[in-house]
Amino acid sequence: ELQVNQASFKASESVKQYEMTCKNMEKAEEIAWKRTKKEIKDGIQTIQYQINTLMTTNGQAPFVTLFMYFQPDYEYAREAALIDEELLRQRIQGIKNEANVYVTPAFPKLIYVLDEHNVREGSPYFYLTKLAAECTAKRMYPDYISAKKMRESYEGNVFSPMGCRSFLTPDRFTDAGVGNIANAGNYEPGKHKYYGRFNQGVVTINLPDVALSSGGNLDKFWKIFEDRLELCHRALQCRHERLKGTTSDAAPILWQYGALARLKKGEPIDKLLYGGYSTISLGYAGLYECCKYMTGKSHTDPAAKPFALSVMQHMNDKCNEWKNAENIDYSLYGTPLESTTYKFAKCLQKRFGIVPGITDKNYITNSYHVHVSETIDAFTKLKFESEFQKLSPGGAARSRSGRTTASWCGSARTAITATRAS
């Protein structure tokens with residue numbers, strides 16, 4: 001009986017010790033998560049202020065994109081969700097300017113990915129999507145990407161753009177069995193590589209200038225268009241030739257230490273300029289004004305849309321022609337324009353004067369967008385522009401609420417940019 005009582009006592013003590021250990025572990029975990037949240041909050045605040053106070057040589061903040069995407073079965077999904085949540089909360093708050101007023105920072109650019117685990121009410125991370133919508137309502141960020149649509153275009157892959165809208169098309173060197181030409185640490189045999197590739201540059205064609213130069217004559221338009229495209233082609237070749245012969249020593253972080261490649265010291269980067277490891281972009285601007293001048297109607301008009309689509313298709317055809325001839329991945333890119341919209345508009349006014357509805361403003365319309373003066377609801381606009389988005393494989397943008405958002409189709413960044421270390 002004594003032995004039974006002693007055994008019961010020991011068992012009871014073991015249960016108490018176990019319960020105490022569990023309580024201690026729960027307490028320790030609670031403290032650990034509290035500290036983790038504090039570190040995430042401080043870290044994101046530090047990154048945000050550093051990016052917005054660090055200037056490049058031309059006085060701009062670095063163009064940094066934060067891609068808010070993870071899978072629910074990811075080992076660190078909980079931590080990733082905390083990071084996304086804090087990013088959104090701090091963007092809602094904004095950062096203080098010189099007058100001590102909270103304002104919307106332009107960078108880092110935030111891109112929120114909609115997927116099955118966050119897009120529907122009741123899904124585990126739907127609260128993040130609601131927070132993103134609140135952030136959009138106040139700060140016009142983040143931009144959005146559909147994981148579903150992206151997988152349809154990129155063989156089941158979802159990956160970050162370079163900047164706000166530019167994506168790399170699937171590389172051709174993987175399909176050709178060339179192998180790990182960049183000696184990249186993130187190379188996986190047989191799988192297309194997206195992170196660590198780059199773009200050789202962009203040259204943009206001013207479509208309204210082509211139209212105005214033709215005087216409205218269609219035959220003359222296509223001839224001038226062909227000449228201008230060849231001019232752009234030669235300009236892109238200049239960019240390409242300028243890069244040829246560059247050695248990895250010119251930018252060791254890019255070419256030797258994994259941002260874009262892990263080449264040997266003194267090794268030329270030439271092999272990375274061909275076969276689809278990098279892309280080079282033909283940009284375009286002012287499709288609306290071009291169409292309006294040539295047809296008298298907006299490209300949203302069913303009578304004028306075929307002409308607008310034929311212009312887009314012709315530019316795609318030229319890119320494919322150049323690519324097949326030179327083994328360089330040319331692709332059509334919806335140029336963001338930014339200050340170029342003003343420059344193009346002023347040049348048009350100088351050459352052609354004020355043409356009502358075409359050159360009477362200090363800007364031209366971005367890529368294939370519907371003109372801002374047109375009365376159109378958001379969903380009709382998105383549906384219409386989606387037909388043109390397919391013809392802009394080098395990068396495209398859609399509009400919502402008066403500003404531009406990233407789209408899921410595309411190819412290239414307008415400068416050599418790393419999105420993740422190779």
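## Helices α8 and α9

Helices here are DSSP runs of H or I with at least four residues, and strands are E runs of at least two, numbered from the N terminus. On the α8 side, L287, C290, C291, M294 and T295 meet F307, A308, V311 and M312 of α9, where contact means heavy atoms within 4.5 Å. By class, this contact has eight nonpolar residues, one polar and no charged ones. Nonpolar covers Ala, Val, Leu, Ile, Met, Phe, Trp, Tyr, Cys and Pro, charged covers Asp, Glu, Lys and Arg, and the others, Gly among them, are polar.

The axes of α8 (residues 287-295) and α9 (residues 305-326) come within 10 Å and cross at roughly 125 degrees. Axes are lines fitted to C-alpha atoms, for helices over the stretch in contact, with angles from 0 to 180 degrees between N-to-C directions. The two helices are therefore oblique to each other; angles under 35 degrees count as roughly parallel, over 145 as roughly antiparallel, 65 to 115 as roughly perpendicular and the rest as oblique.

## How the model is described

This is a predicted model, in which local features need pLDDT of at least 70 and side-chain atom pairs count only at pLDDT 80 or more, while totals for chains, interfaces and linings use all residues. Residues are numbered from 1 along each chain as its sequence is written, and side-chain values use heavy atoms, leaving out hydrogens and water.

## Helix α6 against α9

Helix α9 also meets α6 (residues 218-243): their axes come within 11 Å and cross at roughly 40 degrees. That makes α6 oblique to α9. The α6 residues in this contact include F221, W222 and F225, and those of α9 include F307, V311 and W322. By class, the contact has 10 nonpolar, four polar and four charged residues.

## Helices α2 and α3

What is the angle between α2 and α3? Helix α2 (residues 77-93) packs on α3 (residues 126-139) at about 20 degrees, with the axes 9 Å apart. The pair is therefore roughly parallel, and the crossing is left-handed. Among the contact residues are D84, E85 and R89 of α2, and E134, K138 and R139 of α3. The contact divides into eight nonpolar, one polar and seven charged residues.

## The chain overall

The chain has 11 helices and 10 strands.

Technical notes: Left-handed = near helix turned anticlockwise from the far one by under 90°.
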